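Student: I am new to this structure and would like to learn how to read it. Could you walk me through it step by step?

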Amino acid sequence: MPEGHTLRRLAQQFGDVFGGQRLAVSSPQGRFAGGAALLDGRTLVAAEAHGKHLFLHFDHSLVLHVHLGLYGAWTFGGDSTFAGSSSIGAPRRVGEQETFGGDGGDSGVYTGPPEPVGAVRVRIVGSNGWADLRGATTCETITVAEADAVLARLGPDPLVNRRGDAGRFAANLLSRKTPVAALLMDQKIIAGVGNVYRAEVLFRRRMDPWLPGSDVPDTEARKLWRDVVSVMGDGVADGRIITTTPRYWSGNGRTAKAAADAAALKSDSFPARENAHFVYKRNGLPCRVCGTTVLMAELVARKLYWCPYCQQS
């Protein structure tokens, strides 16, 4: 399931490529025909994300609300001026860090969006490009009041990080006896964290994932919040989740020092994918820090990864 940084990138892209335009909205699949008709011909005035939810605001106070879930994805295309990621979501055939270079076909002339392929729930067409949505868990046209009600059910978003959010998050943790690893996946506690971020930030803070939320000191909860803010912000900038530092990237065919030097120069600064995480999907492998075997267990119907030595209570 896409995590919060993906939704923030989606909101930014919609604002960049469709903001201020009168849009054609349709449902080639037909399942969203009524909702699409309410938005067709209206102007997109704002695009925002909170946690794993995307809200596209139109000029008549109606909102397209999308939650991608496990299988949802947006694909984009357009003319040579339509810059941005070609696909954002999961699953996707191209990485969301890749940019779109135009869809003019063999002639190089853009003649509009192609025929829909597959079950396209929503198609949005602007003056220079288009976006197709497939496989989303939630896709609905709602009022601003209904959008506010969705937001009210969610915890603070680290990528919004309003004043007081760190304290609100700490209070949310301290009010529950549930393991902190489960609480990080609860969107009412913190919005936008998914399976990758929860495993990685708990390791980075050397926190026992089975520690009850009520046993997490307020100061440590606030440090945890700040680390989530940091790594998710990096995810927005990078278009992928990277939680390790250059010293762990030697598997890229360079020494750790060379990797660190390259990162300092802001060139070739992405690690190979197998070096991007400390513990996520590394069960059975040695911990990058201490060498202890990384463990995996089921928690809240998702796989949890942790180092039993580095993350002791």
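Tutor: Gladly! Let us begin with a term: a salt bridge is a side-chain nitrogen of Lys or Arg within 4 Å of a carboxyl oxygen of Asp or Glu. Here is a case: Asp227 and Arg204 form a salt bridge, with their closest N and O atoms 2.8 Å apart. Before we go on, please note that this is a predicted model, in which local features need pLDDT of at least 70 and side-chain atom pairs count only at pLDDT 80 or more, while totals for chains, interfaces and linings use all residues. Residues are numbered from 1 along each chain as its sequence is written, and side-chain values use heavy atoms, with hydrogens and water left out.

Student: Which helices hold Asp227 and Arg204?

Tutor: Helices (H or I, at least four residues) and strands (E, at least two) are DSSP runs, numbered from the N terminus. Asp227 sits in helix α7 and Arg204 in helix α6, 23 residues apart, so the pair links distant parts of the chain. As a whole, the protein chain has eight helices and 11 strands.

Student: Is Asp227 buried or exposed?

Tutor: Buried means under 20% relative accessible area, exposed over 50%, and partly exposed in between (1.4 Å probe, protein chains only). Asp227 has 13% relative accessibility, so it counts as buried. Across the 313 residues of the protein chain, 51% count as buried.

Student: How many salt bridges does the structure hold?

Tutor: There are nine. One of them joins the side chains of Arg123 and Asp132 (2.8 Å, N to O), and both of these residues are buried. Another is formed by Arg222 and Asp218, whose closest N and O atoms are 2.8 Å apart. Those two residues are four apart in helix α7, which means that about one helical turn separates them. Arg222 is partly exposed at 31% relative accessibility, and Asp218 is partly exposed at 34%. There is also a network of salt bridges that links Arg176, Asp186 and Lys188.

Student: How should I read a nonpolar core?

Tutor: The general idea is that in soluble globular proteins, nonpolar side chains tend to be buried together. A nonpolar core is a set of buried Ala, Val, Leu, Ile, Met, Phe, Trp, Tyr and Cys residues joined through side-chain atoms within 4.5 Å. In this model the largest nonpolar core has 47 residues, and those with the most contacts inside it are Phe169, Leu173, Val180, Leu184, Ile190 and Leu224. At least two residues of this core come from each of α4 (165-174), α5 (180-183), α6, α7, β10 and β11. The largest share, eight residues, is supplied by α7. A second, separate core has 30 residues, including Leu7, Phe14, Leu44 and Phe82.

Student: Which residues is Leu224 in contact with?

Tutor: Contact means heavy atoms within 4.5 Å. Leaving aside neighbours within four places in sequence, Leu224 is in contact with Phe169, Leu173, Val180, Leu184, Val201, Leu202, Arg205 and Met207. For the protein chain, take the contacts between residues at least 6 apart in sequence: 61% of these join residues at least 24 apart.

Student: How many disulfides does the structure hold?

Tutor: A disulfide is a pair of cysteine sulfur atoms within 2.5 Å, and the structure holds zero disulfides. The sulfur of Cys307 has its closest cysteine sulfur in Cys290, 3.5 Å away, which is too far for a bond. Cys310 is in no disulfide either, its nearest cysteine sulfur being that of Cys290, 3.7 Å away. Cys307 is buried, with a relative accessible area of 0%, and Cys310 is buried at 13% relative accessibility.

Student: Where are the residues with a positive phi?

Tutor: One is Arg206, a residue other than glycine with phi near 55°. Arg206 is placed in the loop between α6 (195-204) and α7 (218-238), and is partly exposed, with a relative accessible area of 35%. Val300, also a residue other than glycine, has a positive phi near 45°. Val300 lies in the loop between β10 (295-299) and β11 (302-306), and counts as partly exposed at 46% relative accessibility.
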